Amino acid sequence: MSQHLTSPPELRKRQILALRAFYNESEARLEEWKQSGFQYPPPASRPFPEICKGMKCGAKTRKGHPCKNDGTSFPSGRCKFHGGASTGPLTLEGKKNSSKNGGTKNTNPK
Ligand SMILES: [Zn+2]
């Protein structure tokens with residue numbers, strides 16, 4: 001198998017950066033729209049980055065081949081099967097919330 005299914009690493013890096021920026025801005029626009037009480041018309045969506053078109057997931061599958069699924073579903077550039085585990089709560093508020101779950105009497109002071 002000599003054909004490259006995934007982009008070369010340098011291109012891949014730039015694609016993921018563009019994808020992350022795209023998702024971040026889309027989220028920011030949604031948040032802005034939410035703050036305005038979902039006023040009509042909704043904000044125009046940012047065009048999908050040209051560089052990311054046709055991006056493949058490329059994760060190593062159990063058979064050892066690169067995954068051929070669409071890699072634009074997540075900011076990580078992976079597909080729905082290879083998006084990766086959650087990195088956990090990031091904000092202090094989220095950490096406090098998550099600490100309410102699954103703790104024992106000793107680790108969860110009231
Ligand atoms: Zn995949």
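Biologist: How many residues does helix 1 have, and what distance does helix 1 reach from its first C-alpha to its last?

Modeller: This is a predicted model, in which local features need pLDDT of at least 70, side-chain atom pairs count only at pLDDT 80 or more, and totals for chains, interfaces and linings use all residues. Residues are numbered from 1 along each chain as its sequence is written. Helices are DSSP runs of H or I with at least four residues, strands are runs of E with at least two, and both are numbered from the N terminus. The expected span is 1.5 Å times one less than the number of residues, and helix 1 comes close to its expected 39 Å, with 27 residues and a reach of 39 Å.

Biologist: How many helices and strands does the chain have?

Modeller: Helix 1 covers 9-35 and helix 2 covers 92-99, with a loop between them. The count for the chain is two helices and zero strands.

Biologist: Is C57 buried or exposed, and why?

Modeller: C57 sits in the loop between helix 1 and helix 2. A residue is buried if 20 or more other C-beta atoms, placed from the backbone, lie within 10 Å of its own, exposed if 12 or fewer, and partly exposed in between. Because C57 has 24 other C-beta atoms within 10 Å, C57 is buried.

Biologist: Which residues is C57 in contact with, leaving aside its neighbours within four places in sequence?

Modeller: Two residues are in contact if their C-beta atoms, placed from the backbone, lie within 7 Å. With neighbours within four places left out, the contacts of C57 are C67, N69, G71, R78, C79 and H82.

Biologist: Is F38 buried or exposed, and why?

Modeller: F38 lies in the loop between helix 1 and helix 2. Its phi is positive, near 55 degrees, although F38 is a residue other than glycine. Because F38 has 9 other C-beta atoms within 10 Å, F38 is exposed.

Biologist: Which form, cis or trans, does the peptide bond from Y40 to P41 take?

Modeller: P41 is also in the loop between helix 1 and helix 2. Omega for the bond from Y40 to P41 is near -5 degrees, and the bond is cis.
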